[in-house]
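Please look over the structure below before reading on. The notes are meant for someone meeting this chain for the first time.

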Amino acid sequence: MTGIPNERSDLASRARWIGGAGWLIILIGAGAAALPLLERRDGALVIGLLLVAAGLIELFAGTLRHSARPLAMATGLVTILAGALFTTEAATRFFLPAITIIMAWNALRAVLLFFTSRRTGDGVRRWTLIAAATDLLLALVLLVGLQIAALVVALIGATAPLVASFSWILALSFVATGLMLLEVASCARGDAEDL
């Protein structure tokens with residue numbers, strides 16, 4: 001395998017790295033799906049670490065893009081920021097702020113991915129819009145579920161099904177992002193210029 005590519009590297013080299021980034025983010029999504037197996041007190045730190053790792057990978061993949069580079073990198077930075085919030089005491093003290101952080105993260109990513117799609121070719125545009133729609137839908141699910149979650153947490157505390165649904169929100173977002181990066185890599189292999 002060649003060294004770490006940059007924006008001037010050949011498309012095949014960048015495609016390998018972007019594809020690898022997509023697979024890594026899908027693996028992180030599998031880790032997010034396993035969150036209900038952790039103790040609640042460890043969950044916030046693990047969520048933060050998963051978000052930071054996924055954000056760093058997405059940021060790196062974004063540096064390899066063409067015209068969509070700044071926006072693709074911004075989605076990685078938003079993910080890193082959300083992860084950093086989880087690793088602080090403020091986000092781990094209460095469950096509801098965690099839901100708010102993930103809801104805002106999904107909504108902001110949806111907006112950034114929508115604008116990113118406007119700067120890409122057809123194949124990448126389709127998968128970027130799918131990732132944007134996934135994040136928007138997940139943010140709306142959390143918004144609607146926030147009222148129910150507030151009542152459940154206030155009455156009986158964070159339940160296993162509530163934590164499990166939260167982990168699936170993360171997992172679905174990560175998988176959508178990973179699949180989008182795999183499509184970006186596929187288009188790069190096909191010598192597409194609008195990555």
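1. **Basis.** This is a predicted model, where local features need pLDDT of at least 70, side-chain atom pairs count only at pLDDT 80 or more, and totals for chains, interfaces and linings use all residues. Residues are numbered from 1 along each chain as its sequence is written, and side-chain values use heavy atoms, with hydrogens and water left out.

2. **The core.** The largest nonpolar core has 45 residues. Such a core is a set of buried Ala, Val, Leu, Ile, Met, Phe, Trp, Tyr and Cys residues joined through side-chain atoms within 4.5 Å. Buried means under 20% relative accessible area, exposed means over 50%, and partly exposed is in between (1.4 Å probe, protein chains only). Leu51, Phe86, Ile102, Trp105, Leu170 and Phe174 have the most contacts inside the core.

3. **Who builds it.** At least two core residues come from each of helix H1 (11–33), H2 (40–63), H3 (69–86), H5 (95–117), H6 (122–156) and H7 (160–189). H7 gives the largest share, eleven residues. Helices (H or I, at least four residues) are DSSP runs, numbered from the N terminus.

4. **Aromatic pairs.** Rings of Phe, Tyr and Trp (its six-membered ring) pair if their centres lie within 6.5 Å; planes under 30 degrees apart count as stacked, over 60 as edge-to-face and the rest as tilted. The count comes to three aromatic pairs. Trp105 and Phe174 are edge-to-face, because their ring centres are 5.9 Å apart and their planes stand at 65°. This pair links distant parts of the chain: Trp105 sits in helix H5 and Phe174 in helix H7, 69 residues apart. Phe114 and Phe115 are also an edge-to-face pair, at 5.5 Å centre to centre and 70° between the planes.

5. **Buried or partly exposed?** Trp105 has 2% relative accessibility, so it counts as buried. Phe174, at 3%, is buried too. Phe114 is partly exposed, at 41%, and Phe115 is partly exposed, at 44%.

6. **What surrounds Trp105?** Trp105 touches Leu51, Val78, Thr79, Ala82, Leu170, Ser173 and Phe174, not counting residues up to four places away in sequence. Contact here means heavy atoms within 4.5 Å.

7. **Helix H3.** H3 has 18 residues and reaches 26 Å from its first C-alpha to its last, close to the 26 Å expected at 1.5 Å a residue. The expected span is 1.5 Å times one less than the number of residues. Among the buried residues of H3 are Leu71, Thr75, Val78, Thr79 and Phe86. Thr75 is at 1% relative accessibility. Leaving out residues up to four places away in sequence, Thr75 touches Glu58, Arg109, Leu112 and Leu113.

8. **Glu183.** This residue is in helix H7. Glu183 is buried yet has no salt bridge, and the nearest side chain of opposite charge, Arg126, is 5.3 Å away. A salt bridge needs a side-chain nitrogen of Lys or Arg within 4 Å of a carboxyl oxygen of Asp or Glu. For charge, Lys and Arg count as positive and Asp and Glu as negative; His and the chain ends are not counted. Glu183 touches Gly123, Val124 and Trp127, not counting residues up to four places away in sequence.

9. **Two long-range pairs.** Leu64 lies in the loop between H2 and H3 and is buried, at 1%. Leu64 and Leu11 are 53 residues apart in sequence and 9.1 Å apart in space, C-alpha to C-alpha. Trp168 in helix H7 is partly exposed, at 48%. Trp168 and Ala34 are 134 residues apart in sequence and 8.8 Å apart in space, C-alpha to C-alpha.
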